[in-house]
Structure formats: structure tokens, C-alpha cells
Amino acid sequence: MRPVLRLATREDSATCWHIFQRAVHEGAAAHYSDAQRQAWAPEPTEPPWIADRLAEGQTWIADVAASPERAGTGAARPSGFLTAEGLGGDGDALLDLFFVLPEARRTGVADALYRAFADAAAAAGQGGRMTAHASLLLRPFLARRGWQVIEEEWVERGGVMLNRFRMEGPGAER
């Protein structure tokens with residue numbers, strides 16, 4: 001089933017928080033320890049920053065039919081989201097938050113969200129200037145699309161260190 005993309009609003013914050021929580025705690029389990037995942041996404045309820053983050057840039061949500069027999073009936077569920085900042089500005093287009101439900105991996109959801117971001121960056125005149133701070137899980141996804149690791153980073157969350165990578169997309173100038 002092909003995901004249907006739509007632009008998110010502040011009202012989608014609870015949905016995005018649910019996807020974020022599941023992606024971190026379940027989807028990233030093979031890449032980060034329990035302590036790291038708890039530090040990354042510690043709050044079981046939606047924090048205030050998520051709505052602000054959705055409103056700051058541009059956010060796409062991928063809706064997928066809940067089951068093949070319901071495809072085309074309008075019965076869809078959000079399965080992933082991607083936020084971007086800097087689209088249309090003078091700086092880089094930043095791929096900010098990019099999370100997909102564990103059961104939606106390898107279904108085309110991440111590809112569709114990524115294409116929306118890359119197309120918007122190109123249309124906004126970034127000329128391919130795209131950046132990200134990629135997790136251990138996101139790094140190979142972006143590398144398959146021509147992104148390069150610029151440097152390894154370590155960030156502290158709740159007293160726990162998390163490994164990630166500053167990456168630049170195809171055509172980005174260094």
C-alpha cells in the first residue's frame with residue numbers, strides 16, 4: 001500500500017509523539033541500550049516541545065490504510081512523520097525528526113517521507129544542501145541515498161550519552 005502524505009499541524013502532536021515513542025523504544029532497540037532509549041524518549045505523555053517542533057518547520061505525516069481490505073475507504077492510520085527546518089531559507093535544509101512505526105519499516109513509508117523532504121529542499125532552492133543529525137538507525141538509510149557522514153557526534157540526554165552522526169545530503173557543499 002502506498003502511503004498518503006499530508007502536512008501536519010500542532011494538533012498532530014499526540015500522534016507524532018506516539019510514533020516517536022514507539023520508534024525509539026521498539027524500532028531502535030537493536031541499536032541503543034534500554035538506558036539510552038529511556039534517556040532519548042523518557043516521557044510517556046506528550047511533552048510541550050513536540051507541538052512547538054511541528055509548528056517551527058514543515059512536517060509531513062504518512063498515513064497508511066489500516067489493512068489491505070480497507071484501502072481506499074479513508075480508514076488510514078499515521079505510520080510515520082518527518083520534520084524539516086530551513087526550507088526556503090538561506091541556510092541548509094535540516095532533516096530534523098524522522099520516525100516510522102516499527103511495523104511500517106520497509107513498506108515505503110520512510111521512502112515517501114524522505115522524497116517529500118528532498119523534493120521540498122530542491123524546490124526551495126537549497127540546491128541539494130541538506131543536513132541531518134542521524135541516529136545509528138537513520139545513518140544507513142541516508143547513506144543509501146548518497147548522504148555522507150561529516151562527523152560522529154555524542155549528545156547527552158538525561159545524563160546518558162547517545163551516539164549520532166552529522167550528515168550532509170547529496171550535492172551539499174562543505
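Leu94 stands opposite Thr131 in strand E5 (helices, H or I, of at least four residues and strands, E, of at least two are DSSP runs, numbered from the N terminus). The structure is a predicted model, in which local features need pLDDT of at least 70, side-chain atom pairs count only at pLDDT 80 or more, and totals for chains, interfaces and linings use all residues. Residues are numbered from 1 along each chain as its sequence is written, and side-chain values use heavy atoms, with hydrogens and water left out.

E5 spans residues 130-134 and runs parallel to E4, to which three bridges join it. Two strands pair if DSSP finds at least two bridges between them.

Contact means heavy atoms within 4.5 Å.

H3 covers residues 48-56, and its residues Ile50, Ala51 and Leu54 are buried. Seen down the helix axis, the buried residues of H3 fall within an arc of 95°, so they line one face. The arc is that of the directions from the helix axis to the C-beta atoms. Buried means under 20% relative accessible area, exposed over 50%, and partly exposed in between (1.4 Å probe, protein chains only). An α-helix has 3.6 residues a turn, so residues three or four places apart point the same way. On the other side of H3, Pro48 and Glu56 are exposed. The buried residues pack against H1 (13-27), E2 (58-65), E3 (76-85) and E4 (93-100).

Asp96 is found in E4. Its relative accessibility is 18%, so Asp96 counts as buried. Beyond its neighbours within four places in sequence, Asp96 is in contact with Arg53, Thr83, Ala84 and Glu85. Leu7 is found in E1 (residues 4-7). With neighbours within four places in sequence left aside, Leu7 contacts Asp12, Gln58, Thr59 and Trp60. Leu7 and Leu54 are 47 residues apart in sequence and 9.8 Å apart in space, C-alpha to C-alpha.

A search of the whole structure finds eleven aromatic pairs. Rings of Phe, Tyr and Trp (its six-membered ring) pair if their centres lie within 6.5 Å; planes under 30 degrees apart count as stacked, over 60 as edge-to-face and the rest as tilted. Tyr32 and Trp40 form an edge-to-face pair, 5.1 Å centre to centre with 65° between the planes. Tyr32 is buried at 5% relative accessibility. Ring pairs link Trp17, Phe20, Tyr32, Trp40, Trp49, Phe81 and Phe99 into a cluster.

Tyr114 and Phe141 are also edge-to-face, at 6.0 Å and 80°. Tyr114 lies in H4 (residues 109-123) and Phe141 in H5 (residues 138-143), so the pair ties together parts 27 residues apart in sequence. Tyr114 is buried at 8% relative accessibility, and Phe141 is buried at 11%. The charged end of Arg145 sits over the ring of Tyr114, 5.9 Å from its centre. Arg145 also lies over the face of Phe141, at 3.6 Å from the ring centre. A charge sits over a ring if NZ of Lys or CZ of Arg is within 6 Å of the ring centre and within 35 degrees of the ring normal.
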